[in-house]
Structure formats: structure tokens, C-alpha cells
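Biologist: I have not looked at this one before. Can you walk me through it?

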Amino acid sequence: MPASSLEDYRELQEKIGYHFKNIKYLETALTHRSYKNSGQNYELLEFLGDSIVNFLVVDFLVENFPNYKEGVLASAKAYLISEEFLSSISEELEMHKYVKISGKSKFVSSSVLADLFEALLGAIYIDSGRNMNELRRLFFSKYGDRMKEVIEKELYKKDYKTLLQELTQSRWKERPVYRVVNVSGKEHDRIFEVECSIREYRAIGSGRNKKEAQQEAAKKVYQMLQNA
Ligand code: MN
């Protein structure tokens, strides 16, 4: 391993507040599938880390906001596991400096940044001997204040058209397109159907006015992209 990457790994571990027993896990967590000659990439660790983030966020919400309605907690959760939130953590850790990816330094997308943070959690989980308590302590102490701020300032309450547009702008520098595909019902009892599409993703939402229908369509596409 070149000295420079050992130095990088040391710096990153300082920032995370965790020191790997087996540095291989950290290296894998930082390797994108596009990277040449990479034996292993981060995909499996990301798959694991995705579930870990879900769990830790819910655990945090239940512990700190036990009196909130479940619907509110669900919205807060959706935001706290979103690409926007997780990539902002990765940005703070300057993950673009450490990732091994082809065409690096030009642009690391927010989707990859979010994945990197998930992979990192997966790597720590495995490296610590699957010690969820340690990971939980680490995650809460590093990001607890920020998660509380999201809830207290209601930063998660963005509407879906805005959320979707921010996501597609950061991923592809493109905006979704909305189109009324059907109007039915009598004059004062109309049902609008609007299609929202971006690239190969599309969904139809319905509502009593265009705005409602657009929101529903945007929500569906947003959820598709979150799982894509
Ligand atoms: Mn992911």
C-alpha cells in the first residue's frame, strides 16, 4: 500500500473517530466498482450499511422523540436516510479525497457520496466484530446533534417536488417533467392525473388539483430513485 494512502486512511479514521483493526475493510469501503484493478468494491458493504443506517436512524428517533407521532417520525426518517442528508455527511468527511473511482477529482456525485457513507458504516460494523453498540455510540455522538436539528427545525418537511428536483439536479443536472395525462369527474369534482418523468423513471399521481397530483407523482418517482 503506498504511503500516501496510509496517510489518507489515518486522516479519515481520525475524522470518523474509529480505527480499523483490518484496514482492508476501509479500503474496500472506499473503492468504487469503476476503479481499475480493484479486487473488491464497496457494493456489498453499502448493501449492509444501508440497513444499518435505517436501523440507527429509527433507533435514534425512538429514543429521542418518543412523543412524536409515527407519521412525523416516518417523514423525519425518510429525510435522515436520504441521499441529501447522507451525502452532506460524506462531504463533511471529504470522502471525495479518499474514494478510489475512475475519473476521480472531476466530480463525485451525491449518490456515490451517500453510498460511501453507508459502506463506511458497513465496514466499521464488520471490522468491530459486528459490534452494533459501538457503531451506535459512534453514530449518535458524531451525528446526533445534527439529526436533532433536522427534527427541531423541521428541515425534513420539504415538499416532494422540491426534494425530487434537488435530487435529479445533483445526480444528473436535469429536472423532472410534469404532464397532465387525464382529467375526469364533473366540474366541481375533478380528478387530475399528472405524470412525472425523469430519464427512465415515471409515475402517475392523482389529486383534486394539479398541484396535489404533481406532489403525489413526485413522491412516487422520488421513492423510486431512492431505491434505485
Ligand atoms: Mn445506497
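Modeller: A term to start with: two strands count as paired if DSSP finds at least two bridges between them. Also, keep in mind that this is a predicted model.

Biologist: Fine. How many helices and strands does the chain have?

Modeller: There are nine helices and three strands. In sequence order the pattern reads α-α-α-α-α-α-α-α-β-β-β-α.

Biologist: And how do the strands line up in the sheet?

Modeller: They make an open sheet, ordered S1-S2-S3, with antiparallel pairing. Strand S1 (177-184) and strand S3 (201-207) are the edges, each pairing on one side only. Leaving direction aside, neighbouring strands are turned by 20° against each other on average.

Biologist: How many bridges join S1 and S2?

Modeller: Seven bridges, in the antiparallel sense, and S2 covers residues 191-198. Across that pairing, Asn182 stands opposite Glu193 in S2, and Tyr178 faces Cys196 in S2.

Biologist: What about the hairpin of S1 and S2, how many residues sit between the strands?

Modeller: Six residues separate the two strands there, and Gly185 in this hairpin has a positive phi near 90°.

Biologist: Which helix packs on the sheet and touches S1, S2 and S3?

Modeller: Helix H8 (residues 160-172) does, and its direction makes about 20° with that of S2. Helix H9 (residues 210-227) also lies across S1, S2 and S3, at about 145° to S3.

Biologist: Switching topic. Which residues coordinate the manganese ion?

Modeller: Glu46 and Glu118 through OE, and Asp115 through OD, at 2.3 to 2.4 Å. Along the chain the donors have the spacing E-x68-D-x2-E.

Biologist: Where in the chain do Glu46 and Glu118 come from?

Modeller: Glu46 is in helix H3 (residues 43-64) and Glu118 is in helix H6 (residues 110-127). They are 72 residues apart, so the pair links distant parts of the chain.

Biologist: Is Glu46 buried or exposed?

Modeller: Glu46 counts as buried because its relative accessible area is 18%, and buried means under 20%. Glu118 is buried too, at 6%.

Biologist: How much of the chain is buried?

Modeller: Of the 228 residues in the chain, 43% are buried.

Biologist: Pockets next. What volume does the largest pocket have?

Modeller: About 470 Å³. Rolling a probe the size of a water molecule over the atoms is what shows where empty space is left.

Biologist: Which residues lie nearest the centre of that pocket?

Modeller: Asp50, Ile81, Leu225, Gln226 and Asn227, out of 21 lining residues.

Biologist: And which helix gives the most to the lining?

Modeller: H9, with five residues. At least two lining residues each come from H3, helix H4 (70-80), helix H5 (83-92), H6, H8 and H9. H9 is also the helix that lies across the sheet strands S1, S2 and S3.

Biologist: Last one, on the chain overall. What box do its C-alpha atoms fill?

Modeller: Roughly 70 × 45 × 25 Å along the principal axes. As for contacts between residues at least 6 apart in sequence, 55% join residues at least 24 apart.

Conventions: Residues numbered from 1 in each chain as written. Predicted model: local features only at pLDDT ≥ 70, side-chain atom pairs only at ≥ 80, totals over all residues. Heavy atoms only, no water. Helix = DSSP H or I, 4+ residues; strand = E, 2+ residues; numbered from the N terminus. Axes fitted to C-alpha atoms, helices over the stretch in contact; angles between N-to-C directions. Contact = heavy atoms within 4.5 Å. Donors = N, O, S within 2.8 Å, 3.2 Å for Na, K, Ca; no water. Buried < 20%, exposed > 50% of the residue type's maximum accessible area, 1.4 Å probe, protein only. 1 Å grid on protein atoms, 1.4 Å probe; cavity = no way out; pocket = protein on both sides within 12 Å on 5 of 7 lines; lining within 4 Å. Points joined across faces, edges and corners; volume = space filled by probe spheres on them.
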